[in-house]
Amino acid sequence: MKDYKFLLKPTFFIFNLLFATWLVLKIEKVSPSDFGRYEKMFESGEIRPENVPQYDKYYLKKLADDYKSGILDSAMFDLQLEKFIDAARKKAVTAGK
Amino acid sequence: MKQFYFSKFDNRKPYKAIPDNKYRTLLFQFFGIVTIALGFSYICWRWSHSLNPDALWFAIPLVTAETLSYLSTILIVINFWSYKDAKKSAPVHYLSEIEDLQERTDRPVRIDVFIATYNEDVELVRLSIIDAKKMNYPYADVPIKIYVLDDGRRDGRDPNKQNMKEVAEQEGVGYLIREHNEGYKAGNLKNGLQHTNGDIFVILDADTRPLPDFLVNTSGYFRNRKLAWIQTPQWFYDTTEAESLSNVIKSKLKVSNKFITKPLDVLFGKIEVNEDIFGNDPRLFYDVILRKRNYYNAAFCCGAGSFHRREAVMSLALKDFAEGLKKRHRELVHEDAGSTGAIQQKKELLSHQQIIPFKFHASEDIYTSIMLHADKDNRWESLQHPDIECKMLSTQDLDSWIKQHQRYAEGSLDIAFKDNPVFKKGLTFWQKVCYFNTIWSYFAPLWILVFLLSPIVFFFTLQLPVQAYSFEFFKYFLPFQIMNTITITLGAWGIATKRGDQYYISSFWFMLLSLISVVRGKKVQFNVTPKDKANAKNTQHIMPHIIIIALSLTGITYNVILLLLGYHPTPSGFAANTFWTIFNIIDLSVMIRAAKWKGSDE
C-alpha cells in the first residue's frame, strides 16, 4: 500500500477537476423551476391554454423580448407571465362552459 | 527614560503563527480549484450572454473589471496553495556549518546587527539598541556586534540635531555614518557592510526591537547553504485597541447622564469598533501571503526584521560590479579607444563603478530579492520564518500610512515598468507568477474604481450593465462568490481579514495616484515613515471617498423616489445595486474614520 501512496494526490486532484467540471455543467442547467416554487410554465398541460390566439402570442413574445433586453427583470417577468396564464386559463374555462 | 505613547503596549504578547494542517490545505486546494472553475464559467457567461447591448459603454468596462479581478482570484489561489515551513534547527556555532571553508580555518561564526536610522528620535533608537543587546545566543565565543547606521549624520556636528553618536557610545555599540545619502537605505546598508565583517547580519529599523530569542530561533536555518535570507514577521504592537461602540457614542455626543448612558451600554456595549483603525496589522501578509511563498521559494525580503547571509548579497554585488565594468568598458572602447581623453574618462568611469549589495531603489528589499532569486549561478533560496521575533511601531496617522503604502506601491510598480520580474531570466516559472502577483495587486485600483462607480452609474442612468439581474445572473454569480469566500477563509484560516478587505477597497485612490505617477515616469521618492502622530491634513486623501459615498446616497434616494412613484423600470436592479453600494460605503468609510481618528487618550 505504501508503494502506491504517491498516487493519492494525483487521484485527489483528478477527482477535484472532475467535480469542478460536473458542478459547472450542473449549474448551467439549473432553472427556477428546479427550486419547486413554480411549476414548469410552458410544459404543464393544466395551465397551458389549448389554443393560444395570435395576439396572445405577440404579447408573449413581447414579454420575452423585454425580459431579454433587461426592460423587465425576472420578478416582473414572472408576474406578467402569471397574469397572462391566469387570463388564458379563465378564457379556456369560459370557452369550455 | 523618555516615555513614548507606545510604552503602555510594552506588555502586549505576540500572536502565535497559524499551525500548518495538511487536511485544511487539501480542503483549501479542493475549494480553490472549484472556485477557479466556477469563476471561469461566470466570466465566460458574462462575456457571452449577459452584456446589455443597449449599454455596452457601461457593460464592457464592468465585465473587464470583473475579468481582471478574477485573474487576482486565480493568483490568490496559487499564492495560498500550501505552506512549506523550513525545519527549525539549533543556532549555528562555527562558520563551517553555514559555508564551505575553501581552505580557510574554521572559526566561530560572526553576527552583525544593523540598526538603520535617519531622523528618528534617538531615545527610540536607544530602545532598539537595548533590546538588541539583550538577544540571547548559546555560544559565548560567537561575536555579536551591534551597529547604528546613522544616515542623519547626528554625530554632534550639528547642535540643532539630537546626538545619535553619543547614545551609541553610551550603549557601547558601533556607530557608522557616511557623508551623503546616496541610495537611501540601501546605500546606508552598503556603508555598513563595507565597514563590518559579519558572516550573517540582521537588519533592523530604528523602531524595530528584537525579541530575546531572535538569533537563537533563526540562525540555524543558515545550515542550508543556499539560503540567502530569512524574513521574520513584522509585528506592530501598537495598533489601536478596540473600543465599545457605546463609549464611542458617549464621547462623540459628550453625554454623561446615566439615563442616556445606560441604555447605550445595553444596546451597543458589546459591539467593538476601531480596532486597528489604520489596517496596520500585517498578519495576513506575513503569516499567509509571504509564508506560503516558501512553497515556491519566492518569499521576498521586507527589510526590517530580516537576517542575511553576507556571501549572498556580496556575490550578487560583485557580479553586478563585474557586469557593470564590462559594459562601461565596451562603451568606451566603442567610442574612441585611442584618445588620451577617452583613457582618462575610462579611468574615471571605472573608479566610479560601485559594489552595491542592496539595489539602490525605493523598494530595495524586494528588488534585491528578485535579483538574488534570479541568480542562476547560485540559485539562492529565501525563507519566511513563521514566528514573531521582533516588534515594531506602526504609523499613527492616515497621512503617514498613505505615504508609506504609496512608497511600497510606487517602488513595486517602478520595478514592474523598468525591470519586470516576469521577463527576468533566472527566475523559475512559479517565482515569476508570485512576483507578478505582487505587482498585479498594485493595479487593483483600476477595477476597484469601476466597482465603486458602477452602482452610481446605474442609479443615475437606470441602465443595467447586465441584461437583467435575473435568475440566470445569480445562478452563475452566487456559487462563484460563495465558493470564493469559503476558499479565502480556508486559505487565511484563523486570521481576521475584515480590515484588510476594507483597506483593499478604500486604498483605491492613493494607489491610483501611485500608478499614474509611475506611468508618467516620476522618480520614486524614498521617504522615511514617521512613527509618531503628525498633524497632517488628511482631507485630500478622503475627498474621493466622501464624493463617492455622497453620490451613492443621493442615487439611492433618487431611486427610492422613483420606486415610490412607480416609475422605476428595474426594481431588482435597484435592490442589487443598493446592496452592492452599501458594501462599498462600509469599505470606504474606514478610511474616513481613520482620517478623523484622534486616539482614545486625546
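Residues are numbered from 1 along each chain as its sequence is written, and chains are lettered from A in the order in which they are written. Because the model is predicted, local features need pLDDT of at least 70 and side-chain atom pairs count only at pLDDT 80 or more, whereas totals for chains, interfaces and linings use all residues.

**View 1. The helices of chain A.** Chain A has three helices and zero strands, where helices (H or I, at least four residues) and strands (E, at least two) are DSSP runs numbered from the N terminus. Of the 97 residues in chain A, 7% are buried, a residue being buried if 20 or more other C-beta atoms, placed from the backbone, lie within 10 Å of its own.

**View 2. The contact of chain A with chain B.** Chain A brings 19 residues to the contact and chain B brings 22 residues, two residues being in contact if their C-beta atoms, placed from the backbone, lie within 7 Å. On the side of chain A that touches chain B, helix 1 (8–29), helix 2 (54–69) and helix 3 (74–96) each supply at least two residues, and the largest share, nine residues, comes from helix 1 of chain A. This side of chain A divides into twelve nonpolar, five polar and two charged residues, with Ala, Val, Leu, Ile, Met, Phe, Trp, Tyr, Cys and Pro counted as nonpolar, Asp, Glu, Lys and Arg as charged, and the others, Gly among them, as polar.

**View 3. The largest nonpolar core.** This core has 134 residues, and those with the most contacts inside it are Phe114(B), Ile115(B), Val148(B), Leu189(B) and Leu204(B); a nonpolar core is a set of buried Ala, Val, Leu, Ile, Met, Phe, Trp, Tyr and Cys residues joined through C-beta atoms within 7 Å. Helix 15 (residues 444–461) of chain B gives the most to this core, with nine residues. Leaving aside neighbours within four places in sequence, the contacts of Leu204(B) include Phe114(B), Ile115(B), Pro210(B) and Cys390(B).

**View 4. A three-stranded open sheet in chain B.** The strands of this sheet have the order 5-12-7, with mixed pairing, and its edge strands, each pairing on one side only, are strand 5 (209–210) and strand 7 (235–236) of chain B. Strand 5 of chain B pairs with strand 12 (residues 390–392) of chain B in the antiparallel sense over two bridges, two strands being paired if DSSP finds at least two bridges between them. Pro210(B) stands opposite Cys390(B) in strand 12 of chain B, and both Pro210(B) and Cys390(B) are in contact with Leu204(B).

Technical notes:
Buried ≥ 20, exposed ≤ 12 C-beta atoms within 10 Å, placed from the backbone.
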